[in-house]
Each structure stands twice: as structure tokens, then as C-alpha cells.
Amino acid sequence: MPAKPRQTEGCFALVVRVFRQYIPVPFLVLGVVEFVLFAASVYLGVLVYAHFFAAGAIDIGAEALGTKALAFALVMMLAMVAMGLYQRRFRFAMAGMLLRIITALIGGAIAISMIYYVAPFLAVGRGMLVAIFFVAAGLVLTVRVIFIKTLNQDMLKRRILVLGAGEKAAQIPRHLRRRVDQQGFSVVGYVHIRGEHDVVDEDQVLRPDVPLLMLAKELQADEIVVAVGERRRKTFPVHELLDCKMSGVGVIDLQGFFERETGKIKLDILNPSWMIFSDGFSQGEYRKRFFDILISLTLLAITWPFMLLVAMAIVMESGGRGPVFYKQVRVGQHWKLFHVIKFRSMRVDAEKGGAQWATKNDSRVTRVGAFIRKVRLDELPQIFNVLRGDMSFVGPRPERPEFVTQLSEQIPYYSERHRVKPGITGWAQVCYPYGASEKDSMEKLQYDLYYIKNYSLFLDLVIILQTAHEVTWGKGGR
């Protein structure tokens, strides 16, 4: 069964795992290159300014300039992450990318200016800073254009051979059918398993008369995804899979494949044994608590003027007839009940008929409430919940007891999300649009389980930066 020869070996098709997160090598390379370019733009910007605008040579020591370059590169990289420019499923439209890079540069400029005020030894002159930003914009935009034009080439994709062609295997094309879902891999075929009814397109089904390892080599497969319905001893090719594994061909089960490619744990193929024997599901309580306090105090120091303005706006709109804050019972870690604190965004009588899901264009939301929900200012008082220890800064969103009881009965593994502290923001919030239904809760649970399994402070930082992206681009709550 001959295969078309690949022009290059798949070094770019690999995925590395950093702090429990799967990062495609192309994005890792892109990040490293852009970090170097941001640092280099400081040197080039100083040279440009000295040549065209300065009367004489600029005396900045090499060591001092190196420190300034590293600080500039770090701040700009964080701004790029915050704008979603390293998301695996980013839709690489040129106009959208350009707008996000410009926004990241502006946000980075504001952030670096604040840092210069606090740490003047890192500062450069205003003229030099302008030159540095223009150089950085030119370099980064050039690299991004090259990246976009090469990202979807086959040399950047892992070649996947799926073991199985039945119902389980059919979930891959069913759930990853969009082009944006398949940026990291291409399926070279589905191997028929004796005794299993084929469901995938017949054109993609392979019925090889050679061992699995030989087939994988002929197709130049980088990885085998095991998607077999029933692993019966007589039909399941254990020794062939072991042969592939020991010969350097990757082997992964279907759940792990979806976890890596989608950033969520699929409920319809989840079983308790997978949760028991897979890695992860561990929480660094003390490190996370320290991180929560540090981030919360920092955010409180920055946002207290906005909180004061929101409080005044609520009082003015209601004529002083309603409370500024809204307290509601939610379910926390280990099913402990606590009162979550928010700015009031609905009418005082919003739930006179009992607990209700929030809906799109909810008539109960006030004008001030609609705005603060959109930019998530209504969530800021939850900082005090974090400082008190009821919540974490990052985690699954806390739900009301009425909904938790209902959802726990209807959705498998729903109660597992209460193994950790709930959060102000979370992986589900940055990966899935706002929803308030049983179907939405099931979808968000898959992201929550991924977060619980793969928790790290690195992931918390990524989520916080991505939350800034969601707020900036108007994807806040209802």
C-alpha cells in the first residue's frame, strides 16, 4: 500500500508538553522567535533613533540595554498572549490578526510605561520607545505573515493513523470537522477491526494485509490513535501496538487525543478507570493559595477606582433604593456553601418567581448591569471571596445549589468539579461562550475537568491573560 512521499520529516508536527499543557511545536517556535524579535527590536530601535533623530551617539551600556530588552520582550509577550495570538484554534484572518497585534502593542506600551514609572532603571527615552515599537511592529507582522502562510501545510501536521473505523473512530471527523479543528493533524486512514461495524466513510477505511507497524511506516504515520469500540483479547492487536510503540511510532487512546486537540475531556467516552490511572488531578493547595492572594491584592490595588465608580453608578440608577452588592448562595469546594459577592446587575425583584437561568437580553438586567456584565466589572467584588478563601481566582464557576442538584442528577461526573475551589474566571469561561442551559453546562464541564486534571500555575496565568482577551473583545458575560 504505497503512500505519497512527504517532502520533509515531521519535526514541526510534534507536540510538546510544558507544565501539563500540550503546545504544538510551530506555536512554541513562533513564541521563541517573537520573544527574540521583541528583544532585538530594543537594540534596533535604539540604533534607528540614534541614526535618524539623535544629534550624537547614545551612551547606554550593553548590560543595561540587555536588561531593558528582556523586560520589554517579556511585557510584549504577555500582551500578545492576552490578545489570544497564541491560541491553537485562532482563526488566522489577516485583518483580525493585524488588529490584535496592534492592540497588543498598545496594551504593551501602556503596561511598559507603568513599569517604567515604578522601575525607572528599565526605562528608555520616549523617542527611543516610539522607534522601538515601530521596529517591533514591523518585525512581528512580517513573521506572522510567514507563519500564516506556512501553518496549514502538511509538513506542520502530525499524520494520524486511527485504529478502528466504528462508532468511536467516527467521533474524530464528527467533532473535529472544521478546518480550524484540524490545524495540528491530518488523518491518513482508519484501520478496520475485525468484528467491528464500520461507520466512517468507506473511502477512508483501510483493510491492510500487512502488520500495523509496516502500514504505519508505509503511510509515514507519526501517531496511532486507538479508537476501538471493544478491546476483545482475540481481535485487539496488543502486540502490534506494542511493536509500533517500541519502534518510535506514538500511540495514544481516543480520550487522550481529544484532550490534547480540544482542551477538554469528552464525557461520552469517559470512564472512571481512565480518571484513576491517567496522570494529573492533583492540586498544589499552598502554591495556588499564595498565587490567589498575590493576584487578588494586585487586582484590588488596580481596580478599586473602577469599583467605586460602579458602586456610584448603581446607586444613581436605582435612586438609592436597592443594594449595591448582590449576595447569593453558591456551592464551593467539597460542596461547602458560601455567599458569592457581586455588584448588583439586575432589578431587586429579579427572582421573585424563584431561581432562573440568565438568558440573552435578559429583561431583568439593568442598564448599568448590562454594561458591567459585558466587561465583567460585576465580578470584581469576588476578589473578597478569594481573599477570604471561599474561592480561587481561577477555577470552575460556582453554581447555585438548586442547579447543582439538578445537574448532578442529569450529567455524569458533574459533582467532580466541586473537588476544587470555584473561581472568578476559568478554562471553560475562556474556551466556551456564555451559556445557561443543561447542554451548556455539560459542554463547560468537559473544560472544567480538563482544568482540574491539568492544573498548574502556568495554566492559571494563561487563563488570566485569556480573560483579558475575552473582556477586550467584548466576549464577557450576559
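The mean pLDDT of the protein chain is 85, and 87% of its residues reach 70 or more. Select helix H12 (residues 382–388), where confidence is highest, at a mean of 96; then select strand E1 (residues 15–18), where confidence is lowest, at 76. Next, select residues 1–12, over which the pLDDT is below 50. Beyond near neighbours in sequence, this stretch has 21 contacts in the model. Where pLDDT is low, the predicted coordinates should not be read in detail.

Now select helix H5 (residues 167–175) together with helix H8 (residues 254–262). Their axes lie 11 Å apart and the packing angle is about 15°; because angles under 35 degrees count as roughly parallel, H5 and H8 are described as roughly parallel to each other. The crossing of H5 and H8 is left-handed. Display the side chains of Lys168, Gln171, Ile172 and His175 in H5, which meet Leu254, Phe257 and Phe258 in H8. By class, this contact of H5 with H8 comprises four nonpolar, two polar and one charged residues.

Finally, centre on Ser345, in the loop between strand E9 (337–343) and helix H11 (367–374). Is Ser345 buried or exposed? Ser345 is buried, with a relative accessible area of 7%. Leaving aside residues up to four places away in sequence, Ser345 touches Arg364, Val365, Thr366, Gly369, Ile372 and Arg373. For Ile372, 27 residues from Ser345 along the chain, the C-alpha separation from Ser345 is 7.5 Å.

Definitions and conventions:
Residues are numbered from 1 along each chain as its sequence is written. This is a predicted model: local features need pLDDT of at least 70, side-chain atom pairs count only at pLDDT 80 or more; totals for chains, interfaces and linings use all residues. Side-chain values use heavy atoms; hydrogens and water are left out. Helices (H or I, at least four residues) and strands (E, at least two) are DSSP runs, numbered from the N terminus. Buried means under 20% relative accessible area, exposed over 50%, partly exposed in between (1.4 Å probe, protein chains only). Contact means heavy atoms within 4.5 Å. Axes are lines fitted to C-alpha atoms, for helices over the stretch in contact, and angles run from 0 to 180 degrees between N-to-C directions. Angles under 35 degrees count as roughly parallel, over 145 as roughly antiparallel, 65 to 115 as roughly perpendicular and the rest as oblique. A crossing is left-handed if the near helix is turned anticlockwise from the far one by less than a right angle, and right-handed if clockwise. Ala, Val, Leu, Ile, Met, Phe, Trp, Tyr, Cys and Pro count as nonpolar, Asp, Glu, Lys and Arg as charged, and the others, Gly among them, as polar. pLDDT is the predictor's confidence in each residue, from 0 to 100.
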